[in-house]
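Please examine the structure shown below together with the following report. It treats the contact between the chains, then a helix, a sheet and a few individual residues.

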Amino acid sequence: MELRSKIPSGPLEKKWDKHRFEMKLVNPANKRKHTVIVVGSGLAGGAAAATLSELGYNVKCFCFQDSPRRAHSIAAQGGINAAKNYQNDGDSIFRLFYDTIKGGDFRAREGNVYRLAQTSVNIIDQCVAQGVPFAREYGGLLANRSFGGAQVSRTFYARGQTGQQLLLGAYQALEKEVSKGGVTMYPRTEMLDVVIVNGRARGIVVRDMVSGAIETHLADAVILGTGGYGNVFFLSTNAKGSNATAIWRAYKRGAAFANPCFTQIHPTCIPVAGEHQSKLTLMSESLRNDGRVWVPKRKEDCAKAPNAIPEADRDYYLERKYPSFGNLSPRDIASRAAKEVCDEGRGVGPGGRGVYLDFGDAIKRVGVDKIAERYGNLFEMYQRITDENPYEVPMRIYPAVHYTMGGLWVDYNLMSTIPGLHVTGEANFSDHGANRLGASALMQGLADGYFIVPLTIGDYIGSTKLEPVAADHPDVQATEAAVRDRVNKLLAVKGTRTVTSFHRELGRTMWEYCGMARSAEGLRKALEIIPKLRDEFWRDVRIPGTGAELNQSLEHAGRVADFFELAELMCLDALHREESCGGHFRVEHQTPDGEALRDDEHFTYVAAWEFAGEGKPPVLNKEPLVFENVALSQRSYK
Amino acid sequence: MNLTLHVWRQTGPDTNGTMERYEARDVSPDMSFLEMLDVVNEGLVEAGQMPIAFDHDCREGICGSCGMMINGVAHGPSKGTATCQLHMRTFEDGASVYIEPWRSRAFPVIKDLVVNRGALDRIIAAGGFISAQTGGAQDANNIPVAKQDSDDAMDAAACIGCGACVAACPNGSASLFTAAKISHLGALPQGQPERNRRAQRMVLQMDSEGFGHCTLYGECQEACPKEISIDTIARMNRDFVGSTVAAREEKALGGTG
């Protein structure tokens with residue numbers, strides 16, 4: 001497989017301009033003759049669908065939720081970065097670019113990341129024009145806050161509901177286009193395969209989740225904005241429905257999967273309360289602006305009430321280890337530091353898996369009202385879940401799986417290795433390297449959705465001869481038949497174990513061996529356990545009911561079946577990457593003081609895995625990463 | 001703790017439903033309400049029965065997917081709390097809990113506790129937006145917005161579109177939902193050009209979907225997991241009446257040119 005990144009030549013700051021000029025255009029009158037399928041209605045899908053329709057394309061947008069407004073982008077809390085430099089604190093496009101490259105531990109493409117930083121400023125303008133109610137100062141101008149991995153205030157926010165407000169902006173734009181007839185919305189519809197004709201993505205096969213009908217939709221191009229795959233771990237901050245099926249099916253049809261092992265463990269989540277736990281809840285990173293993270297210095301103090309532990313007996317370990325970034329160290333670093341102190345036996349709360357996030361000092365400094373204004377809804381959420389009042393008792397937090405930097409490989413046009421199949425947002429791999437900085441997911445989703453893919457789709461359609469595809473084309477029929485077979489196969493197992501029990505077991509295995517710290521030994525073990533568990537799943541899973549009705553067990557089973565396969569690829573990728581970088585921490589590769597130790601000589605590349613057929617090992621393709629504008633260095637936040 | 005559940009079961013939109021009784025054993029007070037239902041469902045699957053279908057996704061009170069009548073109250077007993085954020089510590093050991101889908105003519109039942117809320121999307125499509133095509137925006141700080149206006153907009157924009165307001169309303173009105181969007185966009189300078197048209201179209205769409213009228217019971221405000229105020233309804237009514245007058249004036253002024 002040939003990986004052509006298609007990064008334009010020339011100076012970094014001119015690449016996107018140059019590319020935009022060189023791209024083919026589609027005549028406005030011809031656009032309506034072209035149909036584009038968008039799968040997913042979050043920031044990366046919904047924004048693309050709305051914008052493509054505004055441009056004149058005929059758009060079909062699919063989501064598994066009952067409304068496009070419920071895509072998981074909605075749960076992002078803290079904010080969105082943009083290099084506006086409204087605070088006059090030294091920010092610039094280049095600084096946002098640099099922070100993102102460095103935050104990603106030098107495993108992302110310079111060209112893509114620079115374009116992201118350039119586009120960030122337009123996103124804020126666009127969202128304000130749509131009526132997104134960002135926080136403001138008394139003078140009426142926009143407010144900013146700081147986020148991890150940056151020393152400037154460049155994060156725009158709407159209380160603790162930034163993702164919700166940005167998504168509602170995109171959703172409203174989408175509904176505007178629905179009312180004009182440019183977008184047809186297919187809610188409660190799940191994509192189960194991509195249709196490839198003559199080597200090009202020409203449609204998708206979906207299941208209507210209400211009637212169970214399997215149907216094919218054909219188009220000139222397909223965009224997957226279907227999010228990440230954190231739910232492979234069962235417990236994560238992802239929504240329960242978030243899944244990898246769309247990108248996994250595309251992988252099995254020939255799209256390369258890049259850096260699958262790059263997963264982000266978010267440091268500030270509410271710790272696991274018990275066996276019944278169905279998901280984990282994130283507490284926004286923005287809390288670390290005012291909250292101080294600590295554990296007792298001595299193990300013996302862990303069972304004491306936190307307020308009874310005097311200042312001198314507390315270890316503010318982030319401030320101690322990383323004095324210049326302190327509590328705002330990047331996520332991967334803060335997560336590992338939490339694991340470390342808990343492994344030492346200094347964790348707090350049930351099972352000793354927790355650290356304190358304390359607002360005592362901040363409340364003394366600025367008052368309860370100010371803290372309530374900044375984080376009120378987060379404090380409420382915490383109290384509702386834990387029954388503890390964080391205004392009085394420090395929060396307990398622990399890292400949890402939150403985001404996946406890996407995803408389908410895409411070129412500069414956001415096109416996968418299948419021509420015509422474009423991938424946006426968390427579903428692709430392109431911008432965050434081995435670790436994503438806080439408030440950058442919303443930025444990337446909207447950059448891809450509003451400003452990048454609507455143009456590159458035009459270039460693809462404008463430069464490609466697309467013959468009409470008939471619904472009875474043998475490749476279309478074969479794909480649809482394969483989907484039916486798979487659904488029937490799942491229903492025919494009629495075993496004894498529930499889907500959830502398999503998912504939970506897979507998740508436990510992944511968290512243990514492919515979570516915050518990974519070792520060759522552990523990964524090999526996982527690679528033995530997972531295939532066995534998968535075989536058991538296909539022999540013994542129990543799915544009640546039929547395929548011709550709303551059947552939530554069937555939906556879940558299809559997703560878990562794909563998670564099994566993806567989990568194996570993640571472990572394989574983690575095992576092959578004999579270095580530590582960003583969220584990928586291999587215990588064999590660390591500095592004497594326990595920091596991630598990269599191996600730039602051997603691993604400065606994107607690992608793009610290619611499906612080679614059932615039962616065969618996937619093929620590793622490498623896209624070398626070239627750094628012309630930044631010098632590779634060991635990340636230091638000290 | 002142990003609970004007795006009485007759950008509405010309905011196999012499809014065209015079938016009749018019934019209340020079925022289930023025992024929920026060994027429930028932890030730290031479980032969320034949906035986690036309790038997960039456990040019951042695991043038991044049902046193991047016993048070879050269909051699990052109770054219910055909508056849910058983020059389970060952190062923001063996506064608006066979940067929602068059910070719990071002992072006759074939309075989203076259950078905790079104020080300002082969506083079903084997924086309701087915890088079992090709220091219930092007494094040994095209690096009976098009645099669980100039903102949203103009740104509204106405009107929200108037909110699909111299965112068990114799952115209803116079709118597509119009408120809410122159609123209300124937004126009728127006018128719940130600011131027409132700002134991608135790419136044409138001026139610098140964000142060129143539109144100063146008074147902090148109070150911005151805060152008012154945000155208060156209304158917090159709506160998660162769950163439909164509890166409709167389910168709680170004795171008239172089955174979607175006024176709080178519609179008013180929240182009209183208030184969010186109407187409070188901002190960017191929302192002014194389409195303010196009249198938005199109010200007209202959204203209110204008429206709401207009526208055409210079969211929702212009832214608002215007679216200010218105020219039940220919606222009590223049920224709203226985001227505690228959106230019925231002040232927004234006053235704003236909607238003002239904008240609707242104002243826009244009706246404005247539309248007449250427009251007609252009177254208009255000619256064939």
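In this predicted model, 75 residues from chain A and 76 residues from chain B take part in the contact between the chains, where contact means heavy atoms within 4.5 Å. The area buried between chain A and chain B is about 6,200 Å², and carbon and sulfur atoms give 51% of that area. Buried area is here the accessible area (1.4 Å probe) that two parts lose on being put together, summed over both. On the side of chain A, the residues that lose the most area to chain B are A:Arg70, A:His276 and A:Arg384, which together account for 11% of what that side buries.

Between the two chains there are 8 salt bridges, a salt bridge being a side-chain nitrogen of Lys or Arg within 4 Å of a carboxyl oxygen of Asp or Glu. One of them joins the side chains of A:Glu549 and B:Lys111, at 3.1 Å from N to O. Several helices of chain A, among them α3 (43–55), α5 (110–130) and α16 (552–576), each supply at least two residues of the side that touches chain B. Helices (H or I, at least four residues) and strands (E, at least two) are DSSP runs, numbered from the N terminus. The most is given by α6(A), with 8 residues.

Buried means under 20% relative accessible area, exposed over 50%, and partly exposed in between (1.4 Å probe, protein chains only). Among the buried residues of α2(B) are B:Leu120, B:Asp121, B:Ile123 and B:Ile124. The buried residues of this helix pack against α6 of chain A, and also against α5 (175–186) and α6 (195–208) of chain B.

Chain A also contains an open sheet of 5 strands in the order β11-β15-β14-β12-β13, with antiparallel pairing. Because β11 (263–269) and β13 (314–315) of chain A stand at the edges with a single partner strand each, one side of each is left without a neighbour in the sheet. Two strands count as paired if DSSP finds at least two bridges between them. Strands β14 (residues 355–358) and β15 (residues 395–404) of chain A pair over 3 bridges, and A:Val355 stands opposite A:Ile397 in β15(A).

Which individual residues have a positive phi without being glycine? Most residues other than glycine have a negative phi. The two residues concerned are A:Asn259, with a phi of about 45°, and B:Leu216, with a phi near 55°. A:Asn259 is found in the loop between β10 (257–258) and β11 of chain A, whereas B:Leu216 lies in the loop between α6 and α7 (219–223) of chain B. B:His6 is found in strand β1 (residues 3–9) of chain B, and its contacts beyond four places in sequence include B:Met19, B:Glu20 and B:Tyr98. The C-alpha atoms of B:His6 and B:Leu216 are separated by 31 Å. The table lists the accessibility of these residues.

| Residue | Relative accessible area | Class |
|---|---|---|
| A:Asn259 | 2% | buried |
| B:His6 | 13% | buried |
| B:Leu216 | 56% | exposed |

Residues are numbered from 1 along each chain as its sequence is written, and chains are lettered from A in the order in which they are written. In this predicted model, local features need pLDDT of at least 70, side-chain atom pairs count only at pLDDT 80 or more, and totals for chains, interfaces and linings use all residues, while side-chain values use heavy atoms, with hydrogens and water left out.
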